[in-house]
Amino acid sequence: MDGILIPDPRRRLPGRGAWLHLAPECLDRAERRSAFPRALRVPGPLDTAPVRAHIGTVRDNGARETPGSSTPGSKVDPS
């Protein structure tokens with residue numbers, strides 16, 4: 001699954017991750033600025049569809065991403 005960002009709300013996946021607010025605007029801005037490849041140190045563009053779906057699901061449910069989390073955010077893994 002190279003080139004695909006995978007949401008890791010439990011922060012359990014190995015490897016390098018990148019933090020993102022659970023706001024579609026933040027994801028849009030990160031995509032425009034090519035922030036993910038730079039933060040994750042990978043070449044080329046990355047597919048953000050799984051992260052976008054995760055943000056939509058979490059926001060639609062109105063739930064916090066992780067228990068006890070006071071600041072919503074999501075770590076993503078480039079695998």
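**Exercises on helix α3**

**Exercise 1.** Work out what length the 13 residues of helix α3 (residues 49–61) should span, and check it against the end C-alpha atoms.

*Solution.* Start with the rule: the expected span is 1.5 Å times one less than the number of residues. For the 13 residues of α3 that gives 18 Å. Now look at the ends: their C-alpha atoms are 18 Å apart, which agrees. Helices here are DSSP runs of H or I with at least four residues, strands are E runs of at least two, and both are numbered from the N terminus.

Before you go on: this is a predicted model, where local features need pLDDT of at least 70 and side-chain atom pairs count only at pLDDT 80 or more, while totals for chains, interfaces and linings use all residues. Residues are numbered from 1 along each chain as its sequence is written, and side-chain values use heavy atoms, leaving out hydrogens and water.

**Exercise 2.** Which residues of α3 are buried?

*Solution.* Buried means under 20% relative accessible area (1.4 Å probe, protein chains only); over 50% is exposed, and in between is partly exposed. In α3, Val51, His54, Ile55 and Val58 are buried. They cover an arc of only 100 degrees around the axis (taken from the directions from the axis to the C-beta atoms), so they sit on the same side of α3.

**Exercise 3.** Find what valine 51 touches.

*Solution.* Contact means heavy atoms within 4.5 Å. Skip residues up to four places away in sequence, and you get Leu5, Pro7, Leu20, Leu27 and Val76.
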